[in-house]
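Subject: Structure handover

Hello,

I am passing on the structure you asked about.

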Amino acid sequence: IERKCSFCRTPAHKSIEEYMERLQKRVEVGDAHAIFTLGCCYRGGEYGFPQDDVKALELFVRAGELGSVEACCCVGHAYEFGNGVEIDKKKANHYYKLAVIGGDANARFNLAIAEENAGNMNRALKHYMIAAERGMDDSLKEIQELYTNGHATKDDYTKALRAYQAYLVEIKSAQ
């Protein structure tokens, strides 16, 4: 049985070269996900691409402008840690917020860390709670730490744990 794309019914690629050729065609027509994927290839130096943080950032910005929330999160990460650009926490938070608006749980978690580092424990807790509801298990650990340090209640932790468990039940496959 020949594998086919679920969306376009095109036969699946048979080699990395064929995959990259198809990816490049999608990039050329402005496919946000393809541009994001190519950015990941440059960020990690994968599939024969040189490791290039500047090129990766350029692609992530382009994909973000086209609506990729994952790309916005990656741009935020680049600004937070200086990957291909000067460190700029304000810009990092801006891009994380764009990703959060689109529903990105990783960006929500990163905002929580930024708020916690800034001493805004209530805001950090709110972000961690939402990230836990969206399946970020690291958020549970952070909420537990906030509880240990007196910045969250036992009820907060219990609520986060229940929300995380509800998420796991929701995504559980019948198979």
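This is a predicted model: local features need pLDDT of at least 70, side-chain atom pairs count only at pLDDT 80 or more; totals for chains, interfaces and linings use all residues.

Residues are numbered from 1 along each chain as its sequence is written, and side-chain values use heavy atoms, with hydrogens and water left out.

Cysteines

A disulfide is a covalent bond between the sulfur atoms of two cysteines. Here the term is applied to a pair of cysteine sulfur atoms within 2.5 Å, and the structure holds 0 of them. Cys 73 is in no disulfide either, with the sulfur of Cys 74 as its nearest cysteine sulfur, 6.0 Å away. Relative accessible area is used to sort residues into buried (under 20%), exposed (over 50%) and partly exposed (in between), with a 1.4 Å probe and protein chains only. Cys 40 is buried at 18%, and Cys 73 is buried at 9%.

Helices α8 and α9

Helices (H or I, at least four residues) and strands (E, at least two) are DSSP runs, numbered from the N terminus. Helix α8 covers residues 137-148 and helix α9 covers residues 154-171; their axes come within 9 Å and cross at roughly 170°. That crossing makes α8 roughly antiparallel to α9. The axes are lines fitted to C-alpha atoms, for helices over the stretch in contact, and angles run from 0 to 180 degrees between N-to-C directions. Angles under 35 degrees count as roughly parallel, over 145 as roughly antiparallel, 65 to 115 as roughly perpendicular and the rest as oblique.

Contact means heavy atoms within 4.5 Å. On the α8 side, the residues that meet α9 are Asp 137, Leu 140, Ile 143, Gln 144 and Tyr 147. Their partners in α9 are Lys 154, Asp 156, Tyr 157, Ala 160, Leu 161 and Tyr 164. The residues of this contact divide into 7 nonpolar, 1 polar and 3 charged. For that division, Ala, Val, Leu, Ile, Met, Phe, Trp, Tyr, Cys and Pro count as nonpolar, Asp, Glu, Lys and Arg as charged, and the others, Gly among them, as polar.

Val 85

Val 85 is in the loop between α4 (69-81) and α5 (89-101). It is partly exposed, at 23% relative accessibility. Not counting residues up to four places away in sequence, Val 85 touches Leu 57, Ala 78 and Tyr 79. Between Val 85 and Gln 144 there are 34 Å in space, C-alpha to C-alpha, and the two are 59 residues apart in sequence.

Salt bridges

A salt bridge is a side-chain nitrogen of Lys or Arg within 4 Å of a carboxyl oxygen of Asp or Glu.

- Arg 22 and Glu 18: the closest N and O atoms are 2.7 Å apart. Both residues lie in helix α1 (residues 16-28), 4 residues apart, about one turn of the helix. Arg 22 is partly exposed at 29%, as is Glu 18 at 25%.
- Arg 26 and Asp 31: the closest N and O atoms are 3.0 Å apart. Arg 26 is partly exposed at 31%, and Asp 31 is partly exposed at 25%.
- Asp 138 and Lys 141: the N to O distance is 3.5 Å. The two are 3 residues apart in helix α8, about one helical turn. Asp 138 is partly exposed at 33%.

Regards
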